[in-house]
Amino acid sequence: MNNRVRELRNLLGWSQADLGEKLDVSRQTVNAIETGKYDPSLPLAFKIAKLFELSIESIFSPGEEA
C-alpha cells in the first residue's frame, strides 16, 4: 500500500514522534507506515485521515502486488 503520511506530516512540520503521540502509537509505527513496511489497521487509518482532515482514499492507495 502506498501512502502520503510522510508528505502530510512534513507539511505540518511534525516529527514522527509528534505524529505518533497524536495517534497514540510509537514513532517506530509511524516510520513503518511511512516506509510501507506496515499497513495500518482500519481504525488507525480512520484516525490518520481524521487527524489530517482528509479521506482515507486521499492518503492511502493500493500498491503493486508482490
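Let me begin with how two helices cross. The crossing of H2 and H4 is right-handed. Keep in mind that this is a predicted model.

The residues in that contact are these. From H2 we have Leu-19, Lys-22 and Leu-23, and from H4 we have Leu-44, Lys-47, Ile-48, Leu-51 and Phe-52. Sorted by class, the contact between H2 and H4 holds 6 nonpolar residues, 2 charged ones and no polar ones.

Now the geometry of the pair. In general, an angle between the axes and a distance between the axes are what describe two packed helices. H2 covers residues 16-23 and H4 covers residues 42-52; they pack at about 110 degrees, and their axes are 10 Å apart. An angle from 65 to 115 degrees counts as roughly perpendicular, and H2 and H4 are therefore roughly perpendicular to each other.

H2 has another partner to look at, which is H3, residues 27-34. What is the crossing angle of H2 and H3? It is roughly 105 degrees, and the two axes come within 8 Å. That again makes H2 roughly perpendicular to H3.

On the H2 side, the contact with H3 is made by Gln-16, Ala-17, Leu-19 and Gly-20. On the H3 side, Arg-27, Val-30, Asn-31 and Glu-34 take part. By class, that contact of H2 with H3 comes to 3 nonpolar, 3 polar and 2 charged residues. Leu-19 of H2 is listed in the contact with H3, and Leu-19 is also listed in the contact with H4.

Stepping back to the whole chain. The protein chain has 5 helices and 2 strands. Read from the N terminus, the order is β-α-α-α-α-α-β. The radius of gyration is 11 Å, close to the 11 Å that the globule rule gives for 66 residues, so the chain is as compact as a globular protein of that length. Along the principal axes, its C-alpha atoms fill a box of roughly 30 × 25 × 20 Å.

Last, the annotation. UniProt, in an unreviewed entry, places the feature "domain: HTH cro/C1-type" at residues 5-59. In the model, that span of residues 5-59 is 69% helix and 0% strand.

Key
Residues numbered from 1 in each chain as written. Predicted model: local features only at pLDDT ≥ 70, side-chain atom pairs only at ≥ 80, totals over all residues. Heavy atoms only, no water. UniProt positions renumbered as here; feature names shortened; annotations may be inferred. Helix = DSSP H or I, 4+ residues; strand = E, 2+ residues; numbered from the N terminus. Axes fitted to C-alpha atoms, helices over the stretch in contact; angles between N-to-C directions. Parallel < 35°, antiparallel > 145°, perpendicular 65-115°, else oblique. Left-handed = near helix turned anticlockwise from the far one by under 90°. Contact = heavy atoms within 4.5 Å. Nonpolar A, V, L, I, M, F, W, Y, C, P; charged D, E, K, R; others polar. Rg over C-alpha atoms; globule rule 2.2 N^0.38 Å.
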